[in-house]
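Trainee: Could we go through this model together, one question at a time?
Mentor: Happy to, let's have a look.

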There are 2 protein chains.
Amino acid sequence: MDRRKFMRGAAVGALGSAGAASLAAPAIAQESPKVRWRCTSSFPKSLDTIYGGAEDVAKYVREATDGAFDIQVYAAGEIVPGLQAADAVSNGTVEMCHTAAYYYVGKDPAWALGGVIPFGLNARGMHAWLYYGGGLDLLNEFYGTQGLHYLPAGNTGAQMGGWFRKEINGLADMEGLQMRIAGLAGRVMEKLGVVPQQIAGGDIYPALERGTIDAAEWIGPYDDESLGFYQVAPYYYYPGWWEGNLSLCCYFNQESWQSLPENYRSLLGTATRAATTEMLAEYDYKNPQALRRLIDAGAQLRAYPQDVMNASFTAAQEVYAEINGENEAFKKIYDSMMQFQSETYLWQQVAEYTYDTFMMIKQREGALAGQQAGGNQ
Amino acid sequence: MDRRKFMRGAAVGALGSAGAASLAAPAIAQESPKVRWRCTSSFPKSLDTIYGGAEDVAKYVREATDGAFDIQVYAAGEIVPGLQAADAVSNGTVEMCHTAAYYYVGKDPAWALGGVIPFGLNARGMHAWLYYGGGLDLLNEFYGTQGLHYLPAGNTGAQMGGWFRKEINGLADMEGLQMRIAGLAGRVMEKLGVVPQQIAGGDIYPALERGTIDAAEWIGPYDDESLGFYQVAPYYYYPGWWEGNLSLCCYFNQESWQSLPENYRSLLGTATRAATTEMLAEYDYKNPQALRRLIDAGAQLRAYPQDVMNASFTAAQEVYAEINGENEAFKKIYDSMMQFQSETYLWQQVAEYTYDTFMMIKQREGALAGQQAGGNQ
């Protein structure tokens, strides 16, 4: 505080003399105009990590500009409901939002491609495709038709496959299940005989408890734990094949975006990339602890049976064939993403996967140094 | 340009009137002083992705401050040799560098922990430990004793295990091999009977060609391809168990770091996080293409035999026991990293690993949409 007061005093003195040198600094100031924006999040504050993605972007921007570019983040429902975040940006109610692109598949399935699609990319693949494989440009071509500019911001990593009241021993057990699962994943599940239900986060627990639904998917251990599903639907399945990653994103109102000076636009590009590193790190730190607590509390960890996985994969291809046949915007982006998918798994299965496999074997043997030290098993 | 000229004109006008409102902007300008720094990279420009990490940080900072904070990046050798980058920062020759922490294990093995150690964390684990598991603070406690402030900046992901003139069919084939491999990995390899050699990048190819050395490790497909190793040592092994990730980093001269206004320090934190997303994405995009080209050109892809992997793991534990017995700084950071390692693999083997495994099976079956479309096999 003292330092700033001193510098303000110095600035006033310099302005008083109005020398050429003193004019150099204000020339910079002109590129740092005071901008105050509102960002509506699709998430409640209680989902602190995913909600935190918007807070991270705002903090990075605010700090870098010494408060000149000030983004205020609002939780779902404070300005508009969570699932209307993108609409509030399109129509100019707010300048930006932080959301999951697949919330808007009701408008057009192509929306989902900026978030994740069933049997899509994992987090590393998604970022490579977005930033180097042409994904970002293709998506902005589409979102531009909605009056929006898109930047990815945060990632959850691969998610869990949801909570079930009863164990699933094979494909036949999926038939007729009422499951809280939305969007394209719901459409795939339907082909397996599942009856997809759209239920808001806060209503899932009572629906599972009463048996109105048989299963529900949410996010991963850390977020799922807080909603207490393990108490009423103890079978916890993996992997969430509809979310091999989830790339959160910011949408910006196009006019608002274009009104920004170039340095602020660049800063938002930097801040959103930084938020991606940060959110993945935060989930990767919190999820193991939460998984341990969930298991201690009685959650029964289960892998989806292979026939369920294979049938889901086949059903997903059918859904994509249907959509591609009638939706050029979807097909153009999907083809690009899928072309890269087979590339990325070609590489990831070599060094990355075999290293992790070896280390996971050592983990199961209890041979890792952290386990030998008795820190955990 | 026109817009800036106009705004400068407006600023001069406002200053002329010297009203209270016009003083608000210069108060911000004081927090954006002109700063011109030099960053020495440990890498040549030809390694464009890893060298690009420093360029990315500089670009993000320069653009966000509209050029006020201007970091000039110099390739290895332009100011100091690549392996002296951290020293040049410590002694104030330059304000910052971009380097790999393990280059300095000769001073103290603890240096390596800011980059990667054999059988250490993978990229996701490293970022979680650094930003949420206390790693960043522990490392800065150590690097602070060297007059440096540390920020991670960029990651290569898991690396390859190097090029061999002859096939390795088991542990016995490692005995007596002359291998270009440095630092802690060299120390581990010694316990397997390998004779580690330190050879600069440009000298590796002729040494392999003449048979002066039998094997050499470098980075991954994209970077390895440019040095042409496949022509003289065609057996290309994975995984590089000494580099389950490589977290590149910036070191800042402590006095330079402390002289920065808070907004610039925050911006560097943001820019380095962003550079991490960017570099991983770039490698993940370029490596599959390079791997494909290498295989087409005759590279023979091979997994390290399990007995080599197991013996290397055991040897690494012996090396750590030796270092921990005599080096408190190393032990303190290592214990924290290893405690988190067993945590992170507990979680990563659930959703992330099983999702990737399923998708890799589909890839091998040729069932991925990108393969069905005939894009590649």
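Trainee: Where is the place of Trp218(A)?
Mentor: Good place to begin, with a note that this is a predicted model, in which local features need pLDDT of at least 70, side-chain atom pairs count only at pLDDT 80 or more, and totals for chains, interfaces and linings use all residues. Residues are numbered from 1 along each chain as its sequence is written, chains are lettered from A and ligands numbered from 1 in the order in which they are written, and side-chain values use heavy atoms, without hydrogens and water. Helices (H or I, at least four residues) and strands (E, at least two) are DSSP runs numbered from the N terminus. Trp218(A) lies in the loop between strand S8 (215-216) and helix H9 (221-227) of chain A.

Trainee: Is Trp218(A) buried or exposed?
Mentor: The scale is relative accessible area with a 1.4 Å probe, protein chains only: buried is under 20%, exposed over 50%, partly exposed in between. Trp218(A) has 14% relative accessibility, so it counts as buried.

Trainee: Which feature does UniProt place at Trp218(A)?
Mentor: The entry is unreviewed, and such annotations may be inferred rather than shown by experiment. The feature that UniProt places at Trp218(A) is "binding site".

Trainee: How many salt bridges are there between chain A and chain B?
Mentor: We look for a side-chain nitrogen of Lys or Arg within 4 Å of a carboxyl oxygen of Asp or Glu. One such pair is Arg292(A) with Glu343(B), at 2.6 Å from N to O. Between chain A and chain B, the count is six salt bridges.
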